[in-house]
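The chain is shown below.

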Amino acid sequence: MSEAVEYDVVVLGGGPAGENVVDRTRAAGLSTALVESELVGGECSYWACIPSKALLRPVLARADARRVPGLAGAVAGPLDAAAVFAHRDYWTGNWKDDGQVDWLESVGAHVYRGHGRLYGVRKVAVTSPEGEHHVLSARHAVVVATGTRAVIPDLPGIADARPWTSREATSAQEAPGRLLIVGGSVVAVEMATAWQALGSRVTLLVRGSGLLPRMEPFAGELVADALREAGAVVRTGVAVESVVRDGSTGPVTVVLEGGETLEGDELLMATGRTPRTEDIGLDTVGLTPGGWIAVDDSCRVPGIDWLYAVGDVNHRALLTHQGKYQARIAGSVIAARAAGNTPLDTGRWGAHVATADTEALPQAVFTDPEAASVGLTLAEAERAGHRVRAVDHDLGKVSGAGLYADGYRGRARMVVDLDREILLGATFVGPGAAELLHAATIAVAGEVPIARLWHAVPAFPTISEIWLRLLEAHRG
């Protein structure tokens, strides 16, 4: 190994969370190195959030247009798949990270390409693609932001079947004739929405009783209904027993428990994520390789005062925007400690704790209809011991929704803490519903009293008038 190069902070992993740590530490004047083994920008930029939304935007725009009188006939035909793929490729930079690297270098960060491993206390060893070795030493902190990879269940025949994961599903250059999707969460339903509209015949196989199990039950029900109306087959309560691929490029056959078989041209396994920590040197600091990295609310690893973990790898909230939020929190903590500004502000909703991970977690699912939620569901609130009431309203009954689309179908719910008269959570399902989410996030994170929300007047005629209808229903 070469002699160690010293920095104030070393970040292991160059996805959105790692990049945001760099942004905060460099803004605080701390020298920072970032280590990335693949593309700088990470999973979100090239195989998840960005390409999936680029695929979905034309799908949702066409669906909305088909519900507008005077416009529906003009968009009756199929999507231009080649143009959709070109749009997706543009947004991924054609899977090149020059722009992301240029930005990091513009803020004074040093980028090391290669595989990084913790190398004992405050050190990271890097092996470049060319076989060169470097040791980076951190004066103040090492931050692990290596993210997750897709889980492939250990089923008979699965390796030879070469299934898609989210990476292949977001980067494919043509629509398979028949696409089998195993799973019922966000990746499964978004990719079912995209590929059904792009020409595939989609079959969704869900082990559980419904889609989107972490949201209110009606969210998954409305999305399932819409997928079926679009031509997809949605089957719940089924489990895959084995998989067989006919030759190297032939069709793939899924065998269900009970012996039923289904054939497709491609198989997408959307069955969860696992941390990318199996070979990053966790054993050198007393942690378990391959596991999630537990952290406190400041994203610091308990018992190791210089080690932090942000983003998916800490398992607090597997969402890009939450990883970036955690990075901002951790960056502020590192900067404050480096400057000797202690004690930290670690009270509830303090500047140095990631409280939103557990109390105001927002999520948007870009299906048709969109599903968006923040905070606790009714069931979660009840399990937590809160005295709550769910207030529901038909989102399609709001004038703005009727003007947005003929036959608008949707639903809204707010979960009210009856003791404190604040919102603990909110869910919206319907076309364009994701744009309602941030107002709800502010209400939940800000613990805005219901009485004050009465004075937040929604403009007429917008879909946001659903807030008035929910508040009226709560008052009776």
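## Terms and model

The structure described here is a predicted model.

## Helix 3 against helix 4

Helix 3, residues 49-65, packs on helix 4 at an angle of about 150 degrees, and their axes are 9 Å apart. An angle over 145 degrees counts as roughly antiparallel, and helix 3 and helix 4 are therefore roughly antiparallel to each other. Their crossing is right-handed.

On the helix 3 side, the contact is made by Ile 50, Pro 51, Ala 54, Leu 55 and Pro 58. Helix 4 contributes Val 84, Phe 85, His 87, Arg 88 and Trp 91.

## A nonpolar surface patch

Trp 91 belongs to helix 4, which covers residues 81-91. Together with Ile 50 and Tyr 90, Trp 91 forms a nonpolar patch on the surface. The accessible area of the three residues together is about 370 Å². Ile 50 and Trp 91 are also among the residues that make the contact between helix 3 and helix 4.

## Helix 3 against helix 8

Helix 3 also packs against helix 8, residues 186-197: the two axes come within 9 Å and cross at roughly 60 degrees. That angle makes helix 3 oblique to helix 8. The crossing is left-handed.

From helix 3, the contact involves Ser 52, Lys 53, Leu 55, Leu 56, Val 59 and Arg 62. Their partners in helix 8 are Glu 190, Met 191, Thr 193, Ala 194, Trp 195 and Ala 197. Leu 55 takes part in this contact and also in the one with helix 4.

## Helix 1 against helix 10

Helix 1 (residues 16-27) and helix 10 (residues 320-338) pack with their axes 8 Å apart, at an angle of about 30 degrees. Helix 1 is thus roughly parallel to helix 10. The crossing of this pair is right-handed.

Helix 1 uses Pro 16, Ala 17, Asn 20, Val 21, Arg 24 and Thr 25. These meet Thr 320, Gly 323, Lys 324, Ala 327, Arg 328, Gly 331 and Ile 334 in helix 10.

## Salt bridges

The whole structure contains 34 salt bridges. One of them joins Glu 38 and Arg 276, with the closest N and O atoms 3.0 Å apart.

This pair links distant parts of the chain, 238 residues apart. Glu 38 is in the loop between strand 2 (32-36) and helix 2 (42-47), while Arg 276 is in the loop between strand 15 (273-275) and strand 16 (307-309).

Note on methods:
Residues numbered from 1 in each chain as written. Predicted model: local features only at pLDDT ≥ 70, side-chain atom pairs only at ≥ 80, totals over all residues. Heavy atoms only, no water. Patch = residues over 30% accessible without salt bridge, like charges linked within 9 Å, V, L, I, M, F, W, Y side chains within 5 Å. Areas by Shrake-Rupley, 256 points an atom, 1.4 Å probe, with all protein chains shown as cover. Salt bridge = Lys/Arg side-chain N within 4 Å of Asp/Glu carboxyl O. Helix = DSSP H or I, 4+ residues; strand = E, 2+ residues; numbered from the N terminus. Axes fitted to C-alpha atoms, helices over the stretch in contact; angles between N-to-C directions. Parallel < 35°, antiparallel > 145°, perpendicular 65-115°, else oblique. Left-handed = near helix turned anticlockwise from the far one by under 90°. Contact = heavy atoms within 4.5 Å.
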